[in-house]
Amino acid sequence: MPSEMAAMNPEIRRHRLLRSMRAWCVIGVSLTAVIALPAFAVAAPALTLPAGPNGQSYSLSIQLLLAMTALTLLPAALMTMTAFTRIVVVLGLLRQAMGTGNTPSNQILLGLSLFLTLFVMAPVEQKVYADALQPYIDGKLEFQPAVAAAAKPMRGFMLAQTRNDDLMTFTRISGNKRFETPDDIPFTVLAAAYMTSELTTAFQIGFMLFIPFVVIDLVVASVLMSMGMMMLSPMLISLPFKLMLFVLVDGWALVMGSLAASFAAPV
């Protein structure tokens, strides 16, 4: 009977629709918690404006518009606040080191980076689900506490990958003093330091990947020069040897496994 009454009551149906929609947004908002939090502070479950004694409620269309606007930040959050940046940069450098042109294609590299990112971020995603999403769906947490709980695992992951030197550099640039605890670090400082550290780590890994392929290029170029075949492109001869070396050492498994293992455990 209660379910039938709920189905007959438009207000209850509207409330359940909004709660379900916000529940699916919790994980997305957790990636952009500090950026999107001011906007969602206005669009909290009450969704009222302090314009009058009773306030003014947003319509359902305005609430959907606010939620969809926040979701547009997800691609940027995926690229800058997860393991995606390091993985896609390393794979791009690997393709250049092998000299295979557009093989694998950009779509394949992006797909590999996305699914490897999901694999690396799985423990963080499970913690976000257990600490924020599930309690919010069950009605045990309100929206803003759920966002704060979802942001905590993300901050821990980012802090674990961020170098202290980069963190101190952006802390000094921002004009802040040394922070007592990791929770005191503003998100803007943490995000900038995290991206810098990720790019540095990606280029270090890319440098190590370049070395064996550069050695093959040098050897092939020296042999062709000694044989007087200066008109023949060394890249044409060295490419099969690069591919053979990469396949013989099971290169894809080594690269993907090393990338996944290069991420420190969240603090």
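This report describes the fold, core, surface and salt bridges of a predicted model.

## Overall make-up

The protein chain is built with 13 helices and two strands. It has 267 residues, and 35% of them count as buried. Among contacts between residues at least 6 apart in sequence, 72% join residues at least 24 apart.

The accessible surface of the chain is about 15500 Å². Carbon and sulfur atoms account for 70% of that surface.

## The nonpolar core

The largest nonpolar core contains 37 residues. Those with the most contacts inside this core are Ile87, Leu91, Leu94, Phe157, Met158, Val255 and Leu259. At least two core residues come from each of the helices α6 (84–98), α7 (106–120), α8 (122–137), α9 (143–161), α11 (187–226) and α13 (251–261). Helix α11 gives the largest share, nine residues.

Once its neighbours within four places in sequence are set aside, Val255 is in contact with Leu91, Leu94, Leu209 and Phe246.

## Salt bridges

Side chains of opposite charge can pair when their charged atoms come close. The structure holds three salt bridges. One of them joins Glu198 and Arg86, with 2.5 Å between the closest N and O atoms. This pair links distant parts of the chain, because Glu198 is in helix α11 and Arg86 is in helix α6, 112 residues apart. Both Glu198 and Arg86 are buried.

Another salt bridge joins Asp217 to Lys242, and here the closest N and O atoms are 2.9 Å apart. Asp217 lies in helix α11 and Lys242 in helix α12, so the pair ties together parts 25 residues apart in sequence. Lys242 has 1% relative accessibility and therefore counts as buried. Lys127 and Asp131 also form a salt bridge, with their closest N and O atoms 3.2 Å apart. These two residues both lie in helix α8, four residues apart, which is about one turn of the helix. Lys127 counts as partly exposed at 45% relative accessibility, and Asp131 counts as partly exposed at 34%.

Technical notes
Residues numbered from 1 in each chain as written. Predicted model: local features only at pLDDT ≥ 70, side-chain atom pairs only at ≥ 80, totals over all residues. Heavy atoms only, no water. Core = buried A, V, L, I, M, F, W, Y, C linked by side-chain atoms within 4.5 Å. Buried < 20%, exposed > 50% of the residue type's maximum accessible area, 1.4 Å probe, protein only. Contact = heavy atoms within 4.5 Å. Areas by Shrake-Rupley, 256 points an atom, 1.4 Å probe, with all protein chains shown as cover. Salt bridge = Lys/Arg side-chain N within 4 Å of Asp/Glu carboxyl O.
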